[in-house]
Amino acid sequence: MTHSTHFDRPARLLHWSMALLILAMLFIGVAMVTSLADYGTLVALHRPLGLLILLLAVLRLANRWHRPPPPLPADLPPWQRRAAHASHVALYGLMLAMPLIGWAMLSAARIPVVVVGPLVLPPILPQSPMLYARLRELHTVLAYGLFSLILAHLGAALLHGLIRQDGVLSSMAPWRSRRSVGNS
Amino acid sequence: MTLLHRLTGAPPGMSPRALMLRVSAIGALLAGTAGAFAAAGGWLSPGALTPARIVDRFEQVNGPHPGFRRNHAKGLCVAGAFAGNGAGVALSKSGVFAAGRVTPVEGRVALAGGQPYAADAGTTVRSLALRFRLPDREEWRTGLNALPVFPVRTPEAFYEQLLAAKPDPATGRPDPERMKAFFAAHPESAKAASLIKARTITAGFADSTFRSLNAFRFVAADGRATPVRWAFVPERPAVQEAAAQAARKDKNNLFDDLIAQLRQGPLRWHLVVMIGRAGDATADATLPWPSDRESVDVGTLTLSDATPEEAGNCRDVNFDPLVLPDGIAPSDDPLLSARSAAYARSFTRRAGEETSPSAVAATADRGDAL
(Lines give C-alpha, C1' and ligand atoms only; values in the text may rest on other atoms or scores of the structure.)
Protein backbone atom coordinates (compact mmCIF):
# COMPACT_ATOMS: atom_id res chain seq x y z
CA MET A 1 0.00 0.00 0.00
CA THR A 2 1.42 3.37 -1.00
CA HIS A 3 0.92 6.40 1.21
CA SER A 4 -0.46 9.56 -0.25
CA THR A 5 1.58 12.70 0.36
CA HIS A 6 -1.61 14.65 0.99
CA PHE A 7 -4.55 14.57 3.31
CA ASP A 8 -7.62 13.68 1.28
CA ARG A 9 -10.19 16.29 0.39
CA PRO A 10 -12.65 15.54 3.26
CA ALA A 11 -9.75 15.68 5.73
CA ARG A 12 -8.60 19.06 4.40
CA LEU A 13 -12.12 20.42 4.33
CA LEU A 14 -12.72 19.26 7.91
CA HIS A 15 -9.37 20.61 9.06
CA TRP A 16 -9.82 24.12 7.72
CA SER A 17 -13.50 24.52 8.58
CA MET A 18 -12.83 23.27 12.10
CA ALA A 19 -9.74 25.48 12.43
CA LEU A 20 -11.95 28.47 11.72
CA LEU A 21 -14.74 27.28 14.02
CA ILE A 22 -12.47 26.38 16.93
CA LEU A 23 -10.54 29.64 16.78
CA ALA A 24 -13.81 31.57 16.59
CA MET A 25 -15.11 29.52 19.50
CA LEU A 26 -12.05 30.26 21.66
CA PHE A 27 -12.32 33.97 20.94
CA ILE A 28 -16.07 33.95 21.63
CA GLY A 29 -15.48 32.05 24.86
CA VAL A 30 -12.77 34.31 26.20
CA ALA A 31 -14.71 37.45 25.24
CA MET A 32 -18.00 36.12 26.61
CA VAL A 33 -16.85 35.63 30.19
CA THR A 34 -15.71 39.23 30.60
CA SER A 35 -18.44 40.87 28.54
CA LEU A 36 -21.58 42.46 29.92
CA ALA A 37 -23.00 44.01 26.76
CA ASP A 38 -22.49 41.04 24.43
CA TYR A 39 -22.71 38.15 26.88
CA GLY A 40 -26.19 37.07 25.79
CA THR A 41 -25.40 37.13 22.08
CA LEU A 42 -22.06 35.37 22.52
CA VAL A 43 -23.52 32.60 24.70
CA ALA A 44 -26.26 32.05 22.13
CA LEU A 45 -23.52 31.54 19.50
CA HIS A 46 -21.23 29.52 21.74
CA ARG A 47 -23.67 26.65 22.32
CA PRO A 48 -24.64 25.74 18.74
CA LEU A 49 -21.04 26.22 17.58
CA GLY A 50 -19.86 23.85 20.32
CA LEU A 51 -22.32 21.19 19.20
CA LEU A 52 -21.26 21.66 15.57
CA ILE A 53 -17.59 21.24 16.53
CA LEU A 54 -18.40 18.08 18.48
CA LEU A 55 -20.22 16.57 15.48
CA LEU A 56 -17.44 17.56 13.07
CA ALA A 57 -14.78 16.16 15.42
CA VAL A 58 -16.51 12.76 15.46
CA LEU A 59 -16.78 12.86 11.67
CA ARG A 60 -13.12 13.81 11.43
CA LEU A 61 -11.94 11.00 13.67
CA ALA A 62 -13.94 8.53 11.59
CA ASN A 63 -12.44 9.92 8.39
CA ARG A 64 -8.93 9.71 9.84
CA TRP A 65 -9.60 6.11 10.78
CA HIS A 66 -10.48 5.21 7.20
CA ARG A 67 -7.86 7.39 5.51
CA PRO A 68 -4.69 7.50 7.62
CA PRO A 69 -2.76 10.76 7.26
CA PRO A 70 0.41 10.96 5.13
CA PRO A 71 3.58 9.97 6.99
CA LEU A 72 5.85 12.61 8.49
CA PRO A 73 9.17 13.26 6.68
CA ALA A 74 11.66 10.48 7.32
CA ASP A 75 14.38 12.89 8.41
CA LEU A 76 12.28 14.43 11.22
CA PRO A 77 14.14 14.16 14.57
CA PRO A 78 12.50 11.60 16.89
CA TRP A 79 11.59 14.17 19.55
CA GLN A 80 9.72 16.24 16.97
CA ARG A 81 7.98 13.11 15.74
CA ARG A 82 6.89 12.34 19.31
CA ALA A 83 5.82 15.95 19.89
CA ALA A 84 3.78 15.91 16.67
CA HIS A 85 2.06 12.69 17.71
CA ALA A 86 1.35 13.83 21.27
CA SER A 87 0.05 17.24 20.20
CA HIS A 88 -2.33 15.65 17.72
CA VAL A 89 -3.68 13.26 20.34
CA ALA A 90 -4.22 16.28 22.61
CA LEU A 91 -5.86 18.33 19.83
CA TYR A 92 -8.32 15.56 18.99
CA GLY A 93 -8.94 14.92 22.68
CA LEU A 94 -9.76 18.56 23.35
CA MET A 95 -11.90 18.94 20.22
CA LEU A 96 -14.13 16.23 21.67
CA ALA A 97 -13.73 17.07 25.37
CA MET A 98 -14.42 20.80 25.27
CA PRO A 99 -17.97 20.59 23.85
CA LEU A 100 -18.74 17.58 26.03
CA ILE A 101 -17.55 19.36 29.20
CA GLY A 102 -19.57 22.43 28.21
CA TRP A 103 -22.68 20.29 27.74
CA ALA A 104 -21.99 18.35 30.95
CA MET A 105 -21.44 21.44 33.10
CA LEU A 106 -24.66 23.07 31.92
CA SER A 107 -26.42 19.77 32.61
CA ALA A 108 -25.07 19.71 36.18
CA ALA A 109 -26.25 23.32 36.60
CA ARG A 110 -29.67 22.51 35.04
CA ILE A 111 -29.24 25.29 32.53
CA PRO A 112 -31.07 24.39 29.31
CA VAL A 113 -28.60 23.76 26.48
CA VAL A 114 -30.52 25.68 23.82
CA VAL A 115 -29.10 24.94 20.39
CA VAL A 116 -31.40 26.92 18.17
CA GLY A 117 -35.07 27.89 18.36
CA PRO A 118 -36.98 25.31 20.39
CA LEU A 119 -34.19 22.68 20.14
CA VAL A 120 -32.77 21.96 23.62
CA LEU A 121 -30.27 19.16 24.28
CA PRO A 122 -31.06 16.70 27.09
CA PRO A 123 -28.93 16.86 30.25
CA ILE A 124 -26.07 14.34 30.36
CA LEU A 125 -25.29 14.63 34.08
CA PRO A 126 -27.41 14.69 37.25
CA GLN A 127 -27.94 18.08 38.91
CA SER A 128 -24.96 19.03 41.09
CA PRO A 129 -23.84 22.62 41.67
CA MET A 130 -20.44 21.49 42.97
CA LEU A 131 -19.85 19.33 39.91
CA TYR A 132 -20.87 22.30 37.75
CA ALA A 133 -18.34 24.54 39.50
CA ARG A 134 -15.53 22.00 38.95
CA LEU A 135 -16.39 21.40 35.30
CA ARG A 136 -16.76 25.12 34.69
CA GLU A 137 -13.21 25.61 35.97
CA LEU A 138 -11.95 22.71 33.88
CA HIS A 139 -13.63 24.18 30.79
CA THR A 140 -11.60 27.38 31.24
CA VAL A 141 -8.28 25.65 31.95
CA LEU A 142 -8.64 23.33 28.96
CA ALA A 143 -9.66 26.25 26.72
CA TYR A 144 -6.37 27.99 27.48
CA GLY A 145 -4.61 24.66 26.92
CA LEU A 146 -6.31 24.26 23.56
CA PHE A 147 -5.43 27.79 22.52
CA SER A 148 -1.77 27.19 23.44
CA LEU A 149 -1.75 23.92 21.50
CA ILE A 150 -3.21 25.65 18.47
CA LEU A 151 -0.48 28.29 18.63
CA ALA A 152 2.17 25.56 18.84
CA HIS A 153 0.48 23.70 15.96
CA LEU A 154 0.39 26.85 13.85
CA GLY A 155 4.04 27.62 14.62
CA ALA A 156 5.14 24.10 13.78
CA ALA A 157 3.12 24.07 10.55
CA LEU A 158 4.72 27.33 9.42
CA LEU A 159 8.15 26.06 10.41
CA HIS A 160 7.57 23.04 8.18
CA GLY A 161 6.22 25.14 5.34
CA LEU A 162 8.49 28.19 5.35
CA ILE A 163 11.73 26.84 6.77
CA ARG A 164 12.01 23.06 6.52
CA GLN A 165 10.02 23.06 3.26
CA ASP A 166 9.41 19.35 3.71
CA GLY A 167 5.88 19.05 2.35
CA VAL A 168 4.17 18.78 5.77
CA LEU A 169 2.31 22.09 5.41
CA SER A 170 1.36 21.50 1.78
CA SER A 171 -0.02 18.06 2.72
CA MET A 172 -2.84 19.95 4.47
CA ALA A 173 -2.94 22.99 2.19
CA PRO A 174 -6.47 23.88 1.12
CA TRP A 175 -5.12 24.45 -2.39
CA ARG A 176 -3.40 21.76 -4.50
CA SER A 177 0.17 22.63 -5.38
CA ARG A 178 1.51 22.05 -8.89
CA ARG A 179 3.68 19.25 -7.56
CA SER A 180 0.73 17.41 -6.06
CA VAL A 181 -1.33 17.80 -9.23
CA GLY A 182 1.59 16.20 -11.09
CA ASN A 183 1.67 13.37 -8.55
CA SER A 184 -1.95 12.49 -8.70
CA MET B 1 25.13 26.09 8.56
CA THR B 2 24.29 28.24 11.55
CA LEU B 3 22.93 27.05 14.89
CA LEU B 4 19.56 28.40 13.79
CA HIS B 5 19.73 26.19 10.70
CA ARG B 6 20.33 23.14 12.87
CA LEU B 7 17.60 24.07 15.36
CA THR B 8 14.95 24.73 12.74
CA GLY B 9 15.97 22.06 10.26
CA ALA B 10 16.29 24.67 7.50
CA PRO B 11 17.92 23.52 4.25
CA PRO B 12 21.61 24.51 4.07
CA GLY B 13 20.88 26.56 0.95
CA MET B 14 18.69 29.06 2.85
CA SER B 15 20.66 32.23 3.64
CA PRO B 16 20.92 33.17 7.34
CA ARG B 17 19.17 36.43 6.52
CA ALA B 18 16.23 34.68 4.84
CA LEU B 19 16.03 32.23 7.70
CA MET B 20 15.99 34.99 10.34
CA LEU B 21 13.29 36.79 8.41
CA ARG B 22 11.10 33.68 8.26
CA VAL B 23 11.58 32.83 11.93
CA SER B 24 10.67 36.42 12.82
CA ALA B 25 7.59 36.34 10.61
CA ILE B 26 6.36 33.15 12.29
CA GLY B 27 7.07 34.64 15.73
CA ALA B 28 5.19 37.82 14.85
CA LEU B 29 2.16 35.89 13.60
CA LEU B 30 2.01 33.80 16.79
CA ALA B 31 2.48 36.87 19.00
CA GLY B 32 -0.23 38.68 17.04
CA THR B 33 -2.68 35.80 17.49
CA ALA B 34 -1.93 35.57 21.21
CA GLY B 35 -2.30 39.35 21.50
CA ALA B 36 -5.67 39.31 19.75
CA PHE B 37 -6.80 36.56 22.13
CA ALA B 38 -5.67 38.60 25.12
CA ALA B 39 -7.52 41.65 23.77
CA ALA B 40 -10.71 39.61 23.26
CA GLY B 41 -10.39 38.35 26.83
CA GLY B 42 -10.17 41.88 28.21
CA TRP B 43 -6.57 41.68 29.45
CA LEU B 44 -5.68 44.85 27.60
CA SER B 45 -8.58 46.84 29.08
CA PRO B 46 -8.21 46.34 32.83
CA GLY B 47 -10.56 49.25 33.59
CA ALA B 48 -13.57 47.72 31.82
CA LEU B 49 -16.55 46.65 33.89
CA THR B 50 -16.92 42.86 33.87
CA PRO B 51 -19.40 40.40 35.39
CA ALA B 52 -16.73 39.42 37.92
CA ARG B 53 -16.31 43.02 39.06
CA ILE B 54 -20.06 43.43 39.58
CA VAL B 55 -20.14 40.29 41.74
CA ASP B 56 -16.97 41.47 43.55
CA ARG B 57 -18.75 44.68 44.42
CA PHE B 58 -21.71 42.81 45.89
CA GLU B 59 -19.24 40.90 48.05
CA GLN B 60 -17.48 44.12 48.99
CA VAL B 61 -20.72 45.85 50.00
CA ASN B 62 -22.39 42.91 51.77
CA GLY B 63 -19.45 40.97 53.12
CA PRO B 64 -18.81 37.28 52.40
CA HIS B 65 -21.82 34.94 52.51
CA PRO B 66 -20.53 31.75 50.91
CA GLY B 67 -23.09 29.59 49.16
CA PHE B 68 -25.70 32.35 48.93
CA ARG B 69 -26.81 34.37 45.95
CA ARG B 70 -24.82 37.59 45.84
CA ASN B 71 -28.08 39.51 45.43
CA HIS B 72 -31.60 38.56 46.56
CA ALA B 73 -29.76 36.37 49.08
CA LYS B 74 -32.69 35.74 51.44
CA GLY B 75 -35.42 33.70 49.85
CA LEU B 76 -37.93 30.87 49.94
CA CYS B 77 -38.83 28.29 47.30
CA VAL B 78 -42.35 28.21 45.92
CA ALA B 79 -44.07 25.93 43.44
CA GLY B 80 -47.22 25.86 41.39
CA ALA B 81 -48.37 26.04 37.81
CA PHE B 82 -49.20 28.48 35.05
CA ALA B 83 -52.34 28.09 32.97
CA GLY B 84 -52.44 29.92 29.65
CA ASN B 85 -55.80 31.32 28.50
CA GLY B 86 -54.96 31.57 24.80
CA ALA B 87 -54.84 35.37 24.67
CA GLY B 88 -51.06 35.33 24.28
CA VAL B 89 -51.04 33.05 21.26
CA ALA B 90 -51.43 35.90 18.79
CA LEU B 91 -48.34 37.56 20.26
CA SER B 92 -46.00 34.64 20.95
CA LYS B 93 -45.64 31.22 19.39
CA SER B 94 -44.54 29.72 22.71
CA GLY B 95 -46.80 26.86 23.72
CA VAL B 96 -46.91 28.18 27.29
CA PHE B 97 -49.64 30.63 26.23
CA ALA B 98 -51.94 28.07 24.58
CA ALA B 99 -55.46 28.01 25.99
CA GLY B 100 -55.78 25.42 28.73
CA ARG B 101 -52.07 24.52 28.66
CA VAL B 102 -50.82 23.99 32.22
CA THR B 103 -47.07 24.43 32.74
CA PRO B 104 -45.41 23.40 35.99
CA VAL B 105 -43.60 26.30 37.62
CA GLU B 106 -41.07 26.43 40.39
CA GLY B 107 -39.95 29.72 41.80
CA ARG B 108 -38.43 31.74 44.56
CA VAL B 109 -39.64 34.73 46.50
CA ALA B 110 -36.84 36.84 47.89
CA LEU B 111 -35.76 40.18 49.23
CA ALA B 112 -33.31 42.30 47.26
CA GLY B 113 -29.86 42.75 48.70
CA GLY B 114 -26.96 40.53 49.50
CA GLN B 115 -27.67 39.87 53.21
CA PRO B 116 -29.08 36.35 53.63
CA TYR B 117 -29.94 36.87 57.32
CA ALA B 118 -31.25 40.43 57.21
CA ALA B 119 -34.52 41.11 59.00
CA ASP B 120 -37.52 41.53 56.69
CA ALA B 121 -38.44 45.15 56.11
CA GLY B 122 -41.36 46.59 54.19
CA THR B 123 -39.19 48.91 52.15
CA THR B 124 -36.83 46.15 50.99
CA VAL B 125 -37.61 45.32 47.37
CA ARG B 126 -39.51 42.04 47.04
CA SER B 127 -38.79 39.76 44.15
CA LEU B 128 -40.28 36.71 42.51
CA ALA B 129 -38.24 34.46 40.23
CA LEU B 130 -39.98 31.82 38.13
CA ARG B 131 -38.93 28.80 36.15
CA PHE B 132 -41.58 27.51 33.72
CA ARG B 133 -40.86 23.97 32.57
CA LEU B 134 -42.22 23.55 29.06
CA PRO B 135 -42.33 20.33 27.04
CA ASP B 136 -39.18 19.11 25.28
CA ARG B 137 -36.86 20.62 27.89
CA GLU B 138 -37.66 24.20 26.95
CA GLU B 139 -37.70 26.62 29.87
CA TRP B 140 -38.71 30.16 30.61
CA ARG B 141 -36.97 31.79 33.53
CA THR B 142 -37.88 35.25 34.64
CA GLY B 143 -36.78 37.40 37.54
CA LEU B 144 -39.36 39.95 38.67
CA ASN B 145 -39.33 42.79 41.16
CA ALA B 146 -42.15 44.53 43.03
CA LEU B 147 -41.09 47.88 41.59
CA PRO B 148 -42.64 50.27 39.06
CA VAL B 149 -39.33 50.76 37.19
CA PHE B 150 -35.73 49.61 37.56
CA PRO B 151 -33.46 52.04 39.42
CA VAL B 152 -30.71 52.16 36.77
CA ARG B 153 -30.43 52.14 33.00
CA THR B 154 -27.00 50.55 32.45
CA PRO B 155 -24.77 47.98 34.17
CA GLU B 156 -22.21 50.74 34.78
CA ALA B 157 -24.80 52.80 36.68
CA PHE B 158 -25.81 49.68 38.60
CA TYR B 159 -22.19 49.17 39.64
CA GLU B 160 -21.84 52.78 40.78
CA GLN B 161 -25.15 52.70 42.63
CA LEU B 162 -24.18 49.59 44.59
CA LEU B 163 -21.31 51.45 46.17
CA ALA B 164 -23.14 54.77 46.56
CA ALA B 165 -25.99 53.02 48.39
CA LYS B 166 -23.69 51.04 50.70
CA PRO B 167 -24.78 51.74 54.28
CA ASP B 168 -22.34 53.92 56.19
CA PRO B 169 -21.16 51.82 59.19
CA ALA B 170 -21.63 54.86 61.46
CA THR B 171 -25.26 55.62 60.58
CA GLY B 172 -26.45 52.34 59.04
CA ARG B 173 -27.75 54.38 56.09
CA PRO B 174 -26.26 55.31 52.72
CA ASP B 175 -24.09 58.41 52.74
CA PRO B 176 -26.46 61.13 51.41
CA GLU B 177 -23.60 62.98 49.71
CA ARG B 178 -22.65 59.90 47.73
CA MET B 179 -26.25 59.28 46.69
CA LYS B 180 -26.56 62.91 45.65
CA ALA B 181 -23.44 62.63 43.50
CA PHE B 182 -24.76 59.41 41.96
CA PHE B 183 -28.14 60.97 41.11
CA ALA B 184 -26.41 64.04 39.67
CA ALA B 185 -24.43 61.78 37.35
CA HIS B 186 -27.53 59.70 36.52
CA PRO B 187 -30.62 61.90 36.27
CA GLU B 188 -32.58 58.93 34.85
CA SER B 189 -31.95 57.12 38.14
CA ALA B 190 -33.06 60.17 40.13
CA LYS B 191 -36.40 60.08 38.27
CA ALA B 192 -36.71 56.33 38.74
CA ALA B 193 -35.94 56.69 42.46
CA SER B 194 -38.81 59.13 42.92
CA LEU B 195 -41.22 56.73 41.18
CA ILE B 196 -39.93 53.90 43.35
CA LYS B 197 -40.25 55.97 46.51
CA ALA B 198 -43.85 56.84 45.64
CA ARG B 199 -44.87 53.20 45.11
CA THR B 200 -47.51 51.60 47.29
CA ILE B 201 -45.92 49.08 49.60
CA THR B 202 -48.40 46.28 50.12
CA ALA B 203 -48.79 43.96 53.10
CA GLY B 204 -46.63 41.16 51.76
CA PHE B 205 -45.54 38.93 48.92
CA ALA B 206 -49.08 37.65 48.31
CA ASP B 207 -50.50 41.01 47.27
CA SER B 208 -47.41 42.35 45.49
CA THR B 209 -47.29 43.02 41.77
CA PHE B 210 -44.06 41.67 40.31
CA ARG B 211 -42.75 43.21 37.09
CA SER B 212 -40.20 42.18 34.47
CA LEU B 213 -39.06 45.84 34.30
CA ASN B 214 -36.86 44.99 31.31
CA ALA B 215 -38.53 44.83 27.92
CA PHE B 216 -38.59 41.65 25.86
CA ARG B 217 -39.97 40.72 22.45
CA PHE B 218 -42.80 38.27 21.90
CA VAL B 219 -42.34 36.54 18.56
CA ALA B 220 -45.48 35.21 16.89
CA ALA B 221 -45.75 32.16 14.66
CA ASP B 222 -45.62 34.42 11.58
CA GLY B 223 -42.36 35.97 12.80
CA ARG B 224 -43.92 39.25 13.91
CA ALA B 225 -42.15 40.63 16.98
CA THR B 226 -43.89 42.78 19.60
CA PRO B 227 -42.06 44.72 22.31
CA VAL B 228 -43.49 43.74 25.69
CA ARG B 229 -43.05 44.13 29.41
CA TRP B 230 -44.88 41.82 31.75
CA ALA B 231 -46.23 41.87 35.26
CA PHE B 232 -47.68 39.26 37.63
CA VAL B 233 -50.68 40.99 39.17
CA PRO B 234 -52.11 39.40 42.33
CA GLU B 235 -55.75 38.32 42.52
CA ARG B 236 -55.68 39.09 46.23
CA PRO B 237 -56.62 42.74 46.70
CA ALA B 238 -53.60 44.82 47.64
CA VAL B 239 -53.56 46.01 51.24
CA GLN B 240 -51.31 48.88 52.11
CA GLU B 241 -48.65 47.88 54.58
CA ALA B 242 -50.02 48.74 58.03
CA ALA B 243 -47.90 50.69 60.45
CA ALA B 244 -48.42 48.04 63.12
CA GLN B 245 -47.19 45.39 60.74
CA ALA B 246 -44.15 47.42 59.84
CA ALA B 247 -43.19 47.46 63.48
CA ARG B 248 -43.34 43.68 63.84
CA LYS B 249 -40.28 42.26 65.46
CA ASP B 250 -40.33 38.89 63.72
CA LYS B 251 -37.24 38.86 61.51
CA ASN B 252 -38.92 36.81 58.82
CA ASN B 253 -42.46 38.17 58.98
CA LEU B 254 -42.88 38.57 55.20
CA PHE B 255 -41.82 35.00 54.50
CA ASP B 256 -43.78 33.65 57.50
CA ASP B 257 -46.92 35.35 56.24
CA LEU B 258 -46.53 33.85 52.79
CA ILE B 259 -45.99 30.36 54.24
CA ALA B 260 -49.12 30.77 56.38
CA GLN B 261 -51.18 32.10 53.45
CA LEU B 262 -50.12 29.20 51.23
CA ARG B 263 -51.17 26.77 53.97
CA GLN B 264 -54.67 28.24 53.78
CA GLY B 265 -54.84 27.87 50.02
CA PRO B 266 -53.18 28.65 46.72
CA LEU B 267 -52.38 32.22 45.67
CA ARG B 268 -52.96 33.49 42.14
CA TRP B 269 -51.40 36.11 39.93
CA HIS B 270 -52.42 37.11 36.40
CA LEU B 271 -49.67 37.40 33.84
CA VAL B 272 -50.42 40.76 32.25
CA VAL B 273 -48.43 41.59 29.14
CA MET B 274 -48.07 45.27 28.31
CA ILE B 275 -47.70 45.86 24.60
CA GLY B 276 -45.20 48.52 23.64
CA ARG B 277 -45.56 50.84 20.66
CA ALA B 278 -42.94 52.35 18.41
CA GLY B 279 -41.05 54.89 20.46
CA ASP B 280 -41.60 53.21 23.82
CA ALA B 281 -38.31 52.72 25.61
CA THR B 282 -37.13 49.14 25.30
CA ALA B 283 -33.50 49.89 26.20
CA ASP B 284 -34.21 51.96 29.31
CA ALA B 285 -35.77 50.15 32.26
CA THR B 286 -35.89 53.36 34.33
CA LEU B 287 -38.66 54.70 32.11
CA PRO B 288 -42.26 53.58 32.63
CA TRP B 289 -44.31 52.99 29.50
CA PRO B 290 -47.37 55.21 29.08
CA SER B 291 -50.22 53.85 31.17
CA ASP B 292 -52.61 53.77 28.18
CA ARG B 293 -50.68 50.97 26.51
CA GLU B 294 -52.75 47.91 25.72
CA SER B 295 -52.41 45.16 28.32
CA VAL B 296 -53.36 41.54 27.75
CA ASP B 297 -54.03 39.02 30.50
CA VAL B 298 -52.48 35.86 29.06
CA GLY B 299 -52.90 33.40 31.91
CA THR B 300 -52.84 32.65 35.61
CA LEU B 301 -49.98 31.67 37.86
CA THR B 302 -51.07 29.60 40.84
CA LEU B 303 -48.60 29.14 43.67
CA SER B 304 -49.57 26.40 46.09
CA ASP B 305 -46.43 25.37 47.95
CA ALA B 306 -43.54 26.88 49.87
CA THR B 307 -40.39 24.96 50.82
CA PRO B 308 -37.22 26.19 52.47
CA GLU B 309 -34.22 26.43 50.18
CA GLU B 310 -32.25 23.21 50.04
CA ALA B 311 -30.12 21.16 47.68
CA GLY B 312 -31.83 20.51 44.36
CA ASN B 313 -34.68 23.00 44.67
CA CYS B 314 -34.87 26.71 43.76
CA ARG B 315 -31.65 27.30 45.69
CA ASP B 316 -29.70 25.67 42.87
CA VAL B 317 -31.45 27.42 40.00
CA ASN B 318 -29.92 30.38 38.22
CA PHE B 319 -32.95 32.50 37.29
CA ASP B 320 -31.15 33.83 34.24
CA PRO B 321 -33.51 36.22 32.39
CA LEU B 322 -32.12 35.05 29.05
CA VAL B 323 -33.33 31.47 29.52
CA LEU B 324 -36.28 31.91 27.19
CA PRO B 325 -38.48 29.57 25.18
CA ASP B 326 -38.83 29.92 21.43
CA GLY B 327 -41.35 32.76 21.00
CA ILE B 328 -39.87 35.05 23.66
CA ALA B 329 -36.70 36.95 22.75
CA PRO B 330 -34.56 39.58 24.48
CA SER B 331 -34.95 43.27 23.66
CA ASP B 332 -32.09 45.71 23.17
CA ASP B 333 -32.10 46.52 26.90
CA PRO B 334 -28.41 46.41 27.95
CA LEU B 335 -29.43 45.20 31.42
CA LEU B 336 -30.62 41.84 30.09
CA SER B 337 -27.26 40.66 28.85
CA ALA B 338 -25.54 42.17 31.90
CA ARG B 339 -27.93 40.44 34.29
CA SER B 340 -27.41 37.13 32.52
CA ALA B 341 -23.61 37.57 32.72
CA ALA B 342 -23.55 38.64 36.38
CA TYR B 343 -26.03 35.92 37.44
CA ALA B 344 -23.83 33.33 35.73
CA ARG B 345 -20.79 34.59 37.62
CA SER B 346 -22.62 34.68 40.96
CA PHE B 347 -24.04 31.20 40.31
CA THR B 348 -20.62 29.79 39.43
CA ARG B 349 -19.07 31.19 42.61
CA ARG B 350 -21.76 30.00 44.98
CA ALA B 351 -22.06 26.60 43.28
CA GLY B 352 -18.47 25.90 44.28
CA GLU B 353 -18.92 26.97 47.91
CA GLU B 354 -20.10 25.14 51.01
CA THR B 355 -23.64 26.23 51.82
CA SER B 356 -25.34 27.25 55.06
CA PRO B 357 -29.05 26.84 55.76
CA SER B 358 -31.31 29.68 54.71
CA ALA B 359 -32.64 32.02 57.40
CA VAL B 360 -36.15 31.25 56.19
CA ALA B 361 -35.75 27.50 56.71
CA ALA B 362 -35.72 27.93 60.50
CA THR B 363 -38.89 29.98 60.31
CA ALA B 364 -40.72 27.31 58.38
CA ASP B 365 -39.87 24.77 61.08
CA ARG B 366 -41.08 27.09 63.80
CA GLY B 367 -44.26 27.60 61.83
CA ASP B 368 -44.87 23.86 61.88
CA ALA B 369 -44.57 23.73 65.65
CA LEU B 370 -47.17 26.44 66.21
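Guide: The contact draws 34 residues from chain A and 41 residues from chain B. On the side of chain A that touches chain B, three helices each supply at least two residues: α1 (9–32), α2 (39–66) and α4 (129–164). Of these, α4(A) gives the largest share, 14 residues. By residue class, the side of chain A that touches chain B holds 23 nonpolar, 7 polar and 4 charged residues. The model is predicted, and the totals for the interface use all residues.

Chain B contains 10 helices and 10 strands, and its C-alpha trace spans about 95 × 60 × 45 Å along the principal axes. Of the 370 residues in chain B, 43% are buried. Among contacts in chain B with a separation of 6 or more, 74% join residues 24 or more positions apart.

One position in chain B carries an annotation. In an unreviewed entry, UniProt places the feature "active site" at B:His72. B:His72 sits in the loop that runs between α3 (51–62) and β1 (74–84) of chain B. B:His72 counts as buried because 23 other C-beta atoms lie within 10 Å, where the cut-off is 20 or more. Setting aside neighbours within four places in sequence, the residues in contact with B:His72 are B:Ala110, B:Leu111, B:Ala112 and B:Ser127.

Technical notes: Residues numbered from 1 in each chain as written. Chains lettered and ligands numbered in written order. Predicted model: local features only at pLDDT ≥ 70, side-chain atom pairs only at ≥ 80, totals over all residues. UniProt positions renumbered as here; feature names shortened; annotations may be inferred. Helix = DSSP H or I, 4+ residues; strand = E, 2+ residues; numbered from the N terminus. Buried ≥ 20, exposed ≤ 12 C-beta atoms within 10 Å, placed from the backbone. Contact = placed C-beta atoms within 7 Å. Nonpolar A, V, L, I, M, F, W, Y, C, P; charged D, E, K, R; others polar.
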